[in-house]
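Please look at the sequence and the model below. A short report on selected parts of the fold comes after them.

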Amino acid sequence: MKNLEPKGLWESFYNLTQIPRPSGKRKEIADFLVNYGKSLGLETLQDEIGNVLIRKPASPGMENHPGVILQGHMDMVPQKNCDKEFDFEKDAIQAYVEENGEWVTADGTTLGADNGIGVATAMAILADKNAVHPPLEAFFTIDEETGMYGANDLKSGWLQGKYLLNLDSETEGELYVGCAGGIDVNATFTYNEVETEKGDIALRVELKGCKGGHSGCDIHLQRANAIKLLFRFLKDAVANYEARLAYVEGGSLRNAIPREAAAVITIPADSYQDVQDLVDRYEDLWLSEYDGVDGGIRFTAKEIECPKKEMPEDVQDYLIHAITLCPHGVYRVIPEARDIVETSNNLAMISMEEGKVTVCCLTRSSVESRKEELASIIQSAFSLAGAEVEFSGAYPGWKPNLKSSLLATMKQTYIKEFGKEPRIVIIHAGLECGIIGSKYEGMEMISFGPTIEHPHSPDERVNIATVQKFYRYVLAALKAL
């Protein structure tokens, strides 16, 4: 990988893959970036929460031009295949070039190209003595993937540039000028466990192999949600085979479509074969329903030691009904641009500990009132089921400015470099631009990047040719600005 061009970028990206940096593990990656800036002899700052800012003086003759900020986030989404032994807090990402020589991917885990390629690009430009640019700032935020905490806690007056280039998009040839806002909807059921029925046996049912993906970029692809599928089975098993729920888990991140889910159920011993047959029928059904979309679904059941405690029947039923009612996927598209998602929900995670079940959703919309409407619908579904519902982590959308001078320059530069116009896009995923823009009024912003497929899943990969094109474009844009 370090032999790819541009070498400075790929060497920086390789170094990033060697540093464990899931969201929440901030110190090692932040220290690395601070030391990197200082090693180049550049002004390097770190704020109270861990964001890093490196300033590079303008090229000769460009000192009086408006400053430019190259912005990305340090953290990555930690997702792995179920059969992969890997500790995201200790292990280096096992990245490699695919045999066709066109892509870089990782062995059984997320790659971290989101947003490692953006961070590596900024690092390479900081070190590039031949780059022509106005006053330059490289701004790296913490914990974007779990709540955009670095952007949310950014203090005013820290950044000096007029233009911000967010290097965190995933389709080469597209310029992003707006994005959706989001809010977390968290529902909690509390209860006193009850004794398991004597004579019952226990099965662990596991659903694996869903593609998952980014809950903003991929929500329109109609991929399976492992939690929704599991609860579809549970409703049937409870209604027809006297199943009882002892344990359930699914999903791992608020902004990743759940790929896996599992439950422990207890059943009368004489229902064993019937439930095994039901598991097989559901696997066949889902493979048929998601044919061409999510063909890797696997659903299994295995007898295990019977737990002594389980969920009360009434709470179990309320939970199943609430999950069944909870919307997942596209709720509304933009009427004027029907290929763009306006509002959606990701039923993202369910977890259980003794006497408590927590369900987490991430609701997105580019229209604030629609975001509030869908969050209220989800609140009603869980409140009627007896859960406590809380809202948290709200962040604003980014309103497009199609008259921006930055946009005009970026379009002209792309045409000059590549002989065609870039596509102007409003993205459904959340970007830090909306939050930063709310703190720095008048700052003009664009988001763009190379082509990254399947972010937030172990299938994540980045296209090598588009990285080369992306780096060329960033350099040309800095010169034009």
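## Basis of the model

This is a predicted model, in which local features need pLDDT of at least 70, side-chain atom pairs count only at pLDDT 80 or more, and totals for chains, interfaces and linings use all residues. Residues are numbered from 1 along each chain as its sequence is written, and side-chain values use heavy atoms, with hydrogens and water left out.

Helices (H or I, at least four residues) and strands (E, at least two) are DSSP runs, numbered from the N terminus.

## Helix α5

Helix α5 covers residues 226-241, 16 residues in total. From its first C-alpha to its last it reaches 22 Å, close to the expected 22 Å. The expected span is 1.5 Å times one less than the number of residues in the helix.

After α5 comes Glu242, whose phi is positive.

Several residues of α5 are buried, among them Ile227, Leu230, Phe233 and Tyr241. Buried means under 20% relative accessible area, exposed over 50%, and partly exposed in between (1.4 Å probe, protein chains only). Ala237 also belongs to α5, and its relative accessible area of 0% makes it buried. Ala237 and Val330 are 93 residues apart along the chain, and their C-alpha atoms are separated by 28 Å.

## Helix packing

How do α5 and α7 cross? The axes of α5 and helix α7 (residues 313-325) come within 9 Å and cross at roughly 135 degrees. α5 is therefore oblique to α7. Axes are lines fitted to C-alpha atoms, for helices over the stretch in contact, and angles run from 0 to 180 degrees between N-to-C directions. Angles under 35 degrees count as roughly parallel, over 145 as roughly antiparallel, 65 to 115 as roughly perpendicular, and the rest as oblique. The crossing of α5 and α7 is left-handed.

Helix α3 (residues 113-127) packs with helix α11 (residues 464-480) at an angle of about 50 degrees, and their axes are 11 Å apart. α3 and α11 are therefore oblique to each other, and their crossing is right-handed. A crossing is left-handed if the near helix is turned anticlockwise from the far one by less than a right angle, and right-handed if clockwise.

## Strand pairing

Strands of a sheet pair through backbone hydrogen bonds, either parallel or antiparallel. Two strands count as paired if DSSP finds at least two bridges between them.

Four strands form an open sheet in the order β4-β5-β23-β22, and the pairing is antiparallel. β4 (95-97) and β22 (452-453) are at the edges with a single partner strand each, so one side of each has no neighbour in the sheet. Inside this order, β5 (residues 103-106) pairs with β23 (residues 461-463) over three bridges. Trp103 is opposite Asn463 of β23.

Strand β11 (residues 200-208) has an antiparallel pairing with β13 (residues 261-268) over eight bridges, where Arg204 is opposite Val264. β11 also pairs with β14 (residues 298-304) in the antiparallel sense, over seven bridges. In that pairing Leu207 is opposite Phe299. Strands β16 (residues 329-334) and β17 (residues 337-353) are antiparallel over five bridges, and a hairpin joins them through two residues.

Most residues other than glycine have a negative phi, and most peptide bonds are trans. Glu242 is not a glycine, yet its phi is positive, about 60 degrees. Glu242 is in the loop between α5 and β12 (244-250) and is exposed, with a relative accessible area of 59%. His454 also has a positive phi, near 55 degrees. His454 is in the loop between β22 and β23 and counts as partly exposed at 26% relative accessibility.
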